[in-house]
Amino acid sequence: MAKLHLVIGNKNYSSWSLRPWMALTMAQIPFEETVIPLYEAKSKQRITEHSGAGKVPVLHHGKVTVWESLAILEYLAEMFPGRKLWPESRAARTAARAAATEMHSGFAALRGACPMNLHRPRKAITLSDAVKADIARIDALWRDCRRNYGKRGKFLFGAFGNADAMFAPVVTRFDTYDIKLSPESRAYKEAVLATEAFQAWKKAALQETWTIESSEID
Ligand SMILES: N[C@@H](CCC(=O)N[C@@H](CS)C(=O)NCC(=O)O)C(=O)O
């Protein structure tokens, strides 16, 4: 099989890049990676060499190029069915896809106010009502997934899968901005943060020296 090559942005800031990277790493699928620092003079040109969309992440696999983080996760699930990136039961799989899609298309207030920024010291900020509503919805969604489908493991649907990969950047935001959660959601957040995969990503992020001022929220 051709090698997988994942093109990503800065590990400190690129929330969309973290998703497929976590899915690949947690599923122990070997891949090569290229990091393109974002919002520098040559960044757009370098990204556009990989995808006309001009955004990371991008996955190359032989002649196939996949852009869009959720499409990459779907591709991985299709190519590596044994890794069970979506749950096996139809009910759980449907809920996992709905949760992933809700994440992909929603929570703009939270994303705007609390950018992923792994080197920022943990500190709370004042939250708008819109951000609080996003947090409440995510907390309720995580609790529902854990209660209804997650009993056999620590993650949303038991074993780590695509729904967890989609929410991994939100997990980091909740940690960085010291956001209060229900006990069940807090346990889930801690489980994701404790994975070797996330620890490895964070270690690399903390070694980066690039700064994106617009993502530095005090
Ligand atoms: N919907 C896309 C969003 C990708 C995205 O916005 N990526 C950001 C980095 S996290 C990016 O490439 N920004 C660089 C730019 O727009 O020049 C996905 O899910 O992959």
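Student: At what angle do helix H4 and helix H6 pack?
Tutor: This is a predicted model. In it, H4 (residues 90-105) and H6 (residues 129-149) pack at about 165°, and their axes are 11 Å apart.

Student: How are they oriented to each other, then?
Tutor: Angles over 145 degrees count as roughly antiparallel. H4 and H6 are therefore roughly antiparallel.

Student: Is the crossing left-handed or right-handed?
Tutor: H4 passes H6 in a left-handed crossing.

Student: Which residues make the contact?
Tutor: From H4, Ala91, Ala92, Ala95, Ala99 and Glu102. From H6, Arg137, Leu141 and Tyr149. By class, that contact of H4 with H6 has six nonpolar, no polar and two charged residues.

Student: New topic. What about H1 and H7?
Tutor: Helix H1 (residues 15-26) packs on helix H7 (residues 162-176) at about 135°, with axes 8 Å apart. That makes H1 oblique to H7. Their crossing is right-handed.

Student: Which residues touch there?
Tutor: H1 gives Ser15, Leu18, Arg19, Met22 and Ala23. H7 gives Asn162, Ala165, Met166, Ala168, Pro169, Thr172 and Arg173. The contact of H1 with H7 has seven nonpolar, three polar and two charged residues.

Student: Zooming out, how is the chain divided?
Tutor: Into domain 1 (4-83) and domain 2 (90-200). Their centres, taken over C-alpha atoms, are 20 Å apart.

Student: How many residues does each domain put into the contact?
Tutor: Domain 1 gives 19 residues and domain 2 gives 24 residues.

Student: And what area is buried between them?
Tutor: About 1800 Å² between domain 1 and domain 2. Carbon and sulfur atoms give 67% of that area.

Note on methods. Residues are numbered from 1 along each chain as its sequence is written. This is a predicted model: local features need pLDDT of at least 70, side-chain atom pairs count only at pLDDT 80 or more; totals for chains, interfaces and linings use all residues. Side-chain values use heavy atoms; hydrogens and water are left out. Axes are lines fitted to C-alpha atoms, for helices over the stretch in contact, and angles run from 0 to 180 degrees between N-to-C directions. Helices (H or I, at least four residues) and strands (E, at least two) are DSSP runs, numbered from the N terminus. Angles under 35 degrees count as roughly parallel, over 145 as roughly antiparallel, 65 to 115 as roughly perpendicular and the rest as oblique. A crossing is left-handed if the near helix is turned anticlockwise from the far one by less than a right angle, and right-handed if clockwise. Contact means heavy atoms within 4.5 Å. Ala, Val, Leu, Ile, Met, Phe, Trp, Tyr, Cys and Pro count as nonpolar, Asp, Glu, Lys and Arg as charged, and the others, Gly among them, as polar. Domain bounds come from an automatic or database domain assignment. Buried area is the accessible area (1.4 Å probe) that two parts lose on being put together, summed over both.
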